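Please keep the sequence and the structure in view while reading the points below.

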Amino acid sequence: MPVESGSSGAARQAKQKRKSHSLSIRRTNSTEQERSGLQRDLLEGQSSDNLDSFMRMEDTKLPLSLRTNLLDLFSQIEREFENLYLENIELRREIESLNDRLAADGQTVEGADLAKGALKTKASHSTSQLSQKLKTTYKASTSKIVSSFKATTTRAVCQLVKEYVGHRDGIWDLSITRTQPVVLGTASADHTAMLWSIETGKCLLKYLGHQGSVNSIKFHPTEQMALTASGDQTAHIWRYMVQLPTPQPVADTAQTPCEDDVDFSDKDDADGEVEGPNDCPSVRVPTTTLRSHQGVVIAADWLVGGKQVVTASWDRAANLYDVETSELVHSLTGHDQELTHCCTHPNQRLVVTSSRDTTFRLWDFRDPSIHSVNVFQGHTDTVTSAVFTVGDNVVSGSDDRTVKVWDLKNMRSPIATIRTDSAVNRISVSVNQKIIALPHDNRQVRLFDMSGVRLARLPRSNRQGHRRMVCCSAWCEDNSTCNLFTCGFDRQAIGWNINIPALLQEK
């Protein structure tokens, strides 16, 4: 009788263990599958009975529309869980096929210890992949269910009203005049700034005084004056006089709900050459030129009262000028890298500057004898903008895909943090509704409240919305037709009508 060697006996025992282990897995899976099917049948019967009893309730005080919405939600939940159940069955089949493959691979491995090690490594890797797939599927389905609740119970309406087309290059910034007549101003990389009629979309005036990209535009609080910052290392102050054209009837555009299931197509329309307005009057000479920066002037703004302006530059400094004399009053230094934005408080002599050094600084000029500065390090990447609200808050946005809300009285830590999936550009905050508009690199625009709760996302597809990076947003509180404006590197600005229900804002 032949005697088996120790290694061949150990290999045969390992092979038998693998077969028995594979069979036990298959038996367990089939049993669990039957048990899951039975539980599903019971749940379906129970849910249908609950719905029937819910419909038979004669003493209910719920309105018919709300009952109908609830029934729709229940049916959506049932469909989502049914899809999960079917995906679970498919995953179990994949587990069985993996077990069969692992058993087949194990036969070719020499030695019991080596076979056990190989099987253990492959099994753990496969289990990890399946676990991750289950988690991803569960999260996606849960998000759809939650979105269904949001879209049905409270519906924010975002309507694209007007497109402002005429620039020959991307639009970096836009602003709304603070005096009558109320017009829209845009600053573009095509070296021009334009003023537009909000109602008709017609260009009213074009400024041609800069020799470089116009990076920012802001309007005087009480006079018809504009402040523009440029890549030619200067900031210009220029006067304008415009006459609004006769308003035309607005086309009846279908209102689009701000939901997550709007068709967001990644197809980009062909960018043709846009013909600029031919009959638009122009201004070529500024009333005041501010020179002292050694780099690109990326932003500028008026201090309260309009007698001084502040500019931010890539030379890592912000300068404070006197408007009447155009003299440099203060040079605000301290940032370690290029500045990206500057903003002034609407009611107080406060300035906030943002930088690529991941910080933003608060400059206090309320006391003429003391000019204090506070440095805030709340982000991990470039701070693209930081703006004041009418209250005592500062809102900062960054390339680290976060937006943070700060309290001026206690700025040690943010009172709210908004996390997004794309870098955030120049943000704006609505004065009346206190809604933050977030323009993103990924062509989306999202709306949040001051607590960090998302209210809506503006619709975007290959037929409407921006087709390139959205650079800036600006609110208009004095216009009932358009109350939000956005601009991007697709050479157009867009006027939106945003209607956020009070119930949604309270939540």
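In this predicted model, five strands form an open sheet in the order β2-β3-β4-β5-β10, and their pairing is mixed. The edge strands of this sheet are β2 and β10 (282–283), each of which pairs on one side only. In general, strands of a sheet pair through backbone hydrogen bonds, either parallel or antiparallel.

**Inside the open sheet**
- Strand β4 (residues 193–196) and strand β5 (residues 203–207) run antiparallel and are joined by four bridges.
- Leu-195 stands opposite Leu-205 in β5.

**Strands β16 and β17**
- Strand β16 is mostly covered, since six of its six residues are buried.
- Five bridges connect β16 with strand β17 (residues 350–355), and the two strands run antiparallel.
- The bridge partner of Leu-339 in β17 is Ser-355.
- Together, β16 and β17 form a hairpin that has five residues between the strands.

**Strand β26 and its two partners**
- Strand β26 (residues 445–449) is largely enclosed by the rest of the structure, because five of its five residues are buried.
- From β26, Val-445, Leu-447 and Asp-449 point one way, while Arg-446 and Phe-448 point the other way; all are buried.
- On one hand, β26 pairs with strand β25 (residues 435–439) in the antiparallel sense over five bridges, and Ile-436 stands opposite Phe-448 in β26.
- The hairpin formed by β25 and β26 has five residues between the strands, and Arg-443 in its turn has a positive phi of about 80 degrees.
- On the other hand, β26 is joined by three bridges to strand β27 (residues 454–457), again in an antiparallel arrangement; here the bridge partner of Leu-447 in β27 is Ala-456.
- The hairpin of β26 and β27 has four residues between the strands, and Gly-452 in its turn has a positive phi of about 95 degrees.

**The largest pocket**
- In general, rolling a probe the size of a water molecule over the atoms shows where empty space is left.
- The largest pocket holds about 1,100 Å³ of space.
- Its lining consists of 41 residues, and those nearest the centre of the pocket are Arg-178, Pro-346, Val-429, Val-431 and Trp-475.
- At least two residues of the lining come from each of the strands β2 (171–176), β6 (214–219), β12 (297–302), β16 (339–344), β20 (383–388), β24 (428–429) and β28 (470–475).
- Sorted by class, the lining of the pocket contains 21 nonpolar, twelve polar and eight charged residues.

**Cysteines**
- A disulfide is, in general terms, a covalent bond between the sulfur atoms of two cysteines.
- How many disulfides does the structure hold? The structure holds zero disulfides.
- Cys-471 is in no disulfide, and the nearest cysteine sulfur, that of Cys-487, is 5.7 Å away, whereas a disulfide requires sulfur atoms within 2.5 Å.
- Cys-471 is buried, with a relative accessible area of 5%.
- Cys-476 is likewise in no disulfide, and the nearest cysteine sulfur, that of Cys-482, is 8.1 Å away.
- Cys-476 is buried, with a relative accessible area of 4%.

- Over residues 207–238, the chain is 0% helix and 56% strand, and the end C-alpha atoms are 9 Å apart.

Notes
Residues numbered from 1 in each chain as written. Predicted model: local features only at pLDDT ≥ 70, side-chain atom pairs only at ≥ 80, totals over all residues. Heavy atoms only, no water. Buried < 20%, exposed > 50% of the residue type's maximum accessible area, 1.4 Å probe, protein only. Pairing = 2+ DSSP bridges. 1 Å grid on protein atoms, 1.4 Å probe; cavity = no way out; pocket = protein on both sides within 12 Å on 5 of 7 lines; lining within 4 Å. Points joined across faces, edges and corners; volume = space filled by probe spheres on them. Nonpolar A, V, L, I, M, F, W, Y, C, P; charged D, E, K, R; others polar.
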